[in-house]
Amino acid sequence: MTVASIPQLIERARGHLDVEDFEAARSDYETILARDKNMTEAMIGLGDSCFGLGEYDMSEHAYRVALESAPSDPDALFGLAAVLRVTEYYEEAVSLYERGFDAEPERTEAYWELAYSREMSGDKGGAERAYKSCLAHHPDHSMASHLLAAMTGAKTRRAPGTYVRDLFDDYAETFDTDLVNDLNYIVPNLIEDTLSAYLKADRGSIVPPFARVLDLGCGTGLVAEAIRPLSAHITGVDLSPKMLEIAGSEKRIEESVVSDMIDFLHPAKNHAKFDLIVCGDALVYLGALEEVFKGVSHHLDDGGVFCFTVEDLVEGDFTLRPSGRYAHHKEYVTDLLIGSNQRILSSSAIIPRRDDNHEIPGRLFLSQNRSPGQSK
């Protein structure tokens, strides 16, 4: 059996990284380093692989070792900066990004990463300049445009689809753990409790009570998993292919559709009907909700129900918060539901999650599509 040479392993490992097969890439880079522990390129590749796998401690170690032998290597500098940004060591991340730009000024797309790190470390002015620098070179950069709008309080109607897709593609591998363990995310349980109470009062003992369910912005399928005993068939819609891949592999949904929820709900796009539509913690990436609610009414059977959450707003219709998420006023949501042929069954104050140990106030709505002739 022919043993691959180091150049062959390097080429193969690069190919694995290109297609995001991080496990295979890590294996190749570890094989190389077992033969030549001082090979900087392999150490950086190991850092890249571990970063892709969400193994940030290993990734940080690899980049730091690489920088010991190559202190000005831009790949190691930007790589370590990214790890520290993700793990929230923002001040050191800023220093490393600045060193990275000194070594490779043309890596302008990474200005948003420097901007975000500056923002999180409290340097709002520096963050705004860096976001604008990113947009000057990349006018359509959705991450920079949305985060700049969130930081400066600009009024926008929705987060860019590419922002949402990229955010959750990057977050997919650690999404479930981070939400449940770090953010105390309880929306799936709250939705299941609300639907079970509704069924107990109004629907008797039909099993399963909901034959066709649509989960909008389903992510990895945590809501779908919670309502599985109530559902025969769940269709998950999400912008992130990686999140849907996990939802499918965990058998939390039967069908997956990569789509913007507004596009999916458009009456001209499809005519599917559902007797339950759920949307847990996904409307926070939309400001204006008119199109969503009209689409939901179109796709619900007569008498079908809609259960969803929003973050709560005290004044105004909706606003984009510094977190990059939208909050909505109760009356704004109520008026839109009524205007789109929905009868409101319940509206409850909730705490959907925590952020930096702060409780985020939210609201859970349950509404029903009015049948022809049904009173408001």
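**Helix packing and local geometry in the predicted model**

At a relative accessibility of 68%, Lys251 counts as exposed, a class that covers values over 50%, whereas buried stands for values under 20% and partly exposed for those in between, computed with a 1.4 Å probe on protein chains only. The structure is a predicted model, in which local features need pLDDT of at least 70 and side-chain atom pairs count only at pLDDT 80 or more, while totals for chains, interfaces and linings use all residues. Residues are numbered from 1 along each chain as its sequence is written, and side-chain values use heavy atoms, with hydrogens and water left out. Lys251 is placed in the loop between helix H14 (241–249) and strand S3 (255–258), where helices (H or I, at least four residues) and strands (E, at least two) are DSSP runs numbered from the N terminus. Although Lys251 is a residue other than glycine, its phi is positive, near 60°. A positive phi, of about 75°, is also found at Glu88, which is not a glycine; this residue belongs to the loop between H5 and H6 and, at 52% relative accessibility, counts as exposed.

Helix H4 (residues 56–69) comprises 14 residues, which at 1.5 Å a residue should span 20 Å, and the 21 Å between its end C-alpha atoms agrees with this; the expected span is 1.5 Å times one less than the number of residues. The buried residues of H4 include Tyr56, Ser59, Ala62, Tyr63, Ala66 and Leu67. These residues cover an arc of only 135° around the axis, which puts them on the same side of H4, the arc being that of the directions from the helix axis to the C-beta atoms. An α-helix has 3.6 residues a turn, so residues three or four places apart point the same way. Asp57, His61, Glu68 and Ser69, on the other side of H4, are exposed. The cover over the buried residues of H4 includes helix H3 (40–52), helix H5 (74–86) and helix H6 (90–103). Within H4, Leu67 has a relative accessible area of 11% and is therefore buried. When neighbours within four places in sequence are left aside, Leu67 is in contact (heavy atoms within 4.5 Å) with Asp73, Ala76, Leu77, Leu80 and Leu96. By comparison, Leu320 lies 253 residues from Leu67 along the chain, and the C-alpha atoms of the two are separated by 39 Å.

Helix H5 has 13 residues and reaches 18 Å from its first C-alpha to its last, close to the 18 Å expected at 1.5 Å a residue. Eleven of these 13 residues are buried, so H5 is largely enclosed by the rest of the structure; among them are Pro74, Phe78, Gly79, Val83 and Arg85. What covers the buried residues of H5 includes H3, H4, H6 and helix H7 (111–120). Arg85, which lies in H5, is buried with a relative accessible area of 13%, and its contacts, apart from neighbours within four places in sequence, are with Tyr90, Ala93, Tyr97, Trp112, Glu113, Tyr116 and Ser117.

Two packed helices are described by the angle between their axes and the distance between the axes. The axes of H5 and H6 come within 8 Å and cross at roughly 160°, with axes taken as lines fitted to C-alpha atoms, for helices over the stretch in contact, and with angles running from 0 to 180 degrees between N-to-C directions. H5 and H6 are therefore roughly antiparallel to each other, since angles over 145 degrees count as roughly antiparallel, those under 35 as roughly parallel, 65 to 115 as roughly perpendicular and the rest as oblique.

Ile10, Arg14 and Leu17 in H1 meet Glu41, Gly45, Asp48 and Ser49 in H3. Ser49 is buried, with a relative accessible area of 0%, and, leaving aside neighbours within four places in sequence, is in contact with Leu17, Phe22, Ala25, Arg26 and Tyr29. Arg14 counts as partly exposed, at 42% relative accessibility, and touches Tyr29 and Glu41 when residues up to four places away in sequence are not counted. The C-alpha atoms of Arg14 and Ala25, eleven residues apart along the chain, are separated by 7.1 Å.
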